[in-house]
Amino acid sequence: MLVQRLLQGDRRAVARLISLVEDGDSRAYRYLTELYPHTGRAHIIGVTGAPGTGKSSLVSALAKVERRRGRTVGIISVDPTSPFTGGALLGDRIRMQDLTADRGVFIRSMASRGRVGGLAAATTDAVRVLDAFGKDKIFVETVGAGQAEVDIAKTAHTTIVVEAPGLGDEIQAFKAGVLEIADVFVVNKADRDGADKTVNALRAMLDLGTPIRARDGQAGDWRPPILKTIAIEEKGVEPLADELERHLAYLKSGDHLAARERERVADELETLLARELLADCLHRLGSDRIAQIVEQIANRALDPHSAAQLLARSADGIPVEGSAPTPAEARH
Ligand SMILES: Nc1nc2c(ncn2[C@@H]2O[C@H](COP(=O)(O)OP(=O)(O)O)[C@@H](O)[C@H]2O)c(=O)[nH]1
Ligand SMILES: [Mg+2]
């Protein structure tokens, strides 16, 4: 029912399903199974960077360009520091309104209440829902802060890393992981002083680092371009949209897209498998047994590595407390 409504273009069905996904509701997985054959069409674009660099503004501007080009757009924001629809400034809200009134755009902020791994998994599923819903371009905004964000960005075909002037020195400290995932660099707020300095810092870093990342196992003939934009004036955004198109064309040439898809799916399978195995193991053991083992580890009767290995293999593979000598006893 819900899936049927969604496939027929019912926006409320989309919102409902994403909520079920967020809540980890078991019905969501049944629906996702039904939806899966309808996915795989969208161009998924990750947009990541430090808070305040202008990611949300940039996504709004890009969405407008894509709409003018006749594409439908999905937007998922995983930015707890600035919810996409709740722009603090009046100007931001007005800019957003053009988009929210457009039926060709679906915007959704993901709640950060999920656990870290869970949030990445829920975001991947939400993207899938919008893909099945028929959105051509799906933007996923994340704060480039930690592993979870890198994980989310990994689910994209094309990842934009957004910088802003004045962060020049911090770029050095920017997590290497985030730089490695960049397909396109954007220096936003190019109306501010220091934009060129930031571009140069990025370029120097790109030249210094591994020449070109080879995330999809190819010899990497894609060189991440660096673009300047003024998101709030929608300047430089058309060329950025062109670069996204160029990157998609690059992925579609040769085996890149298929390779990246396999990598994405392998990653996701690993995450989900880990979650299933952990849940199964914890269920099998029960909380009392876990508490006992924690006690043994705390008492130095058992080390954490051995405990994890034994537990993963068998629920009963752990010596009962007292049956193994404590290090103190062993020393005597
Ligand atoms: N001067 C200037 N301000 C911008 C630009 N883009 C965004 N901003 C402002 O920067 C602030 C943060 O933007 P936002 O899109 O919410 O950044 P996010 O936290 O990365 O999503 C807002 O007040 C925007 O109006 C720009 O190109 N130039
Ligand atoms: Mg934002």
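The following questions and answers describe a predicted model.

Residues are numbered from 1 along each chain as its sequence is written, while chains are lettered from A and ligands numbered from 1 in the order in which they are written. In this predicted model local features need pLDDT of at least 70 and side-chain atom pairs count only at pLDDT 80 or more, whereas totals for chains, interfaces and linings use all residues.

Reader: How many helices and strands does the protein chain have?
Author: Helices (H or I, at least four residues) and strands (E, at least two) are DSSP runs, numbered from the N terminus. Counted this way, the protein chain has 15 helices and seven strands.

Reader: What percentage of the residues in the protein chain is buried?
Author: A residue is buried if 20 or more other C-beta atoms lie within 10 Å of its own, exposed if 12 or fewer, and partly exposed in between, with C-beta atoms placed from the backbone. The protein chain has 332 residues, and the buried share of them is 35%.

Reader: In what order do the strands of the open sheet stand?
Author: Two strands pair if DSSP finds at least two bridges between them. β3 (105-109) and β7 (226-228) each have a single partner strand and stand at the edges, so one side of each lacks a neighbour in the sheet. From one strand to the next the twist averages 20 degrees. The open sheet has seven strands with parallel pairing, in the order β3-β2-β4-β1-β5-β6-β7.

Reader: Which residue of β4 is the bridge partner of T48?
Author: Strand β1 is joined to strand β4 (residues 137-143) by seven bridges, and the two run parallel. β1 also runs parallel to strand β5 (residues 158-163), through five bridges, with I45 opposite T158. On the β4 side, the partner of T48 is T142.

Reader: How many residues of strand β1 are buried?
Author: In a regular strand the side chains alternate between the two faces of the sheet. In β1, H43, I45, V47 and G49 on one side are buried, as are I44, G46 and T48 on the other. Strand β1 (residues 43-49) is largely enclosed by the rest of the structure, because the buried residues number seven of the seven.

Reader: At what angle do α4 and α11 pack?
Author: Axes are lines fitted to C-alpha atoms, for helices over the stretch in contact, and angles run from 0 to 180 degrees between N-to-C directions. Angles under 35 degrees count as roughly parallel, over 145 as roughly antiparallel, 65 to 115 as roughly perpendicular and the rest as oblique. α4 and α11 are therefore roughly perpendicular to each other. The axes of helix α4 (residues 55-68) and helix α11 (residues 237-252) are 9 Å apart, and the angle is about 75 degrees.

Reader: Which residues of α4 and α11 make the contact?
Author: Two residues are in contact if their C-beta atoms, placed from the backbone, lie within 7 Å. Ala, Val, Leu, Ile, Met, Phe, Trp, Tyr, Cys and Pro count as nonpolar, Asp, Glu, Lys and Arg as charged, and the others, Gly among them, as polar. The residues of the contact are six nonpolar, no polar and two charged. They are A61, L62, V65 and E66 of α4 with V237, E238, L240 and A241 of α11.

Reader: Is E234 buried, exposed or partly exposed?
Author: E234 lies in the loop between β7 and α11. Phi of E234 is near 55 degrees, a positive value in a residue other than glycine. Because E234 has 17 C-beta neighbours inside 10 Å, it counts as partly exposed.

Reader: Is R300 buried or exposed?
Author: R300 is found in the loop between α13 (287-298) and α14 (304-313), and its phi, near 65 degrees, is likewise positive. R300 has 11 C-beta neighbours inside 10 Å, so it counts as exposed.
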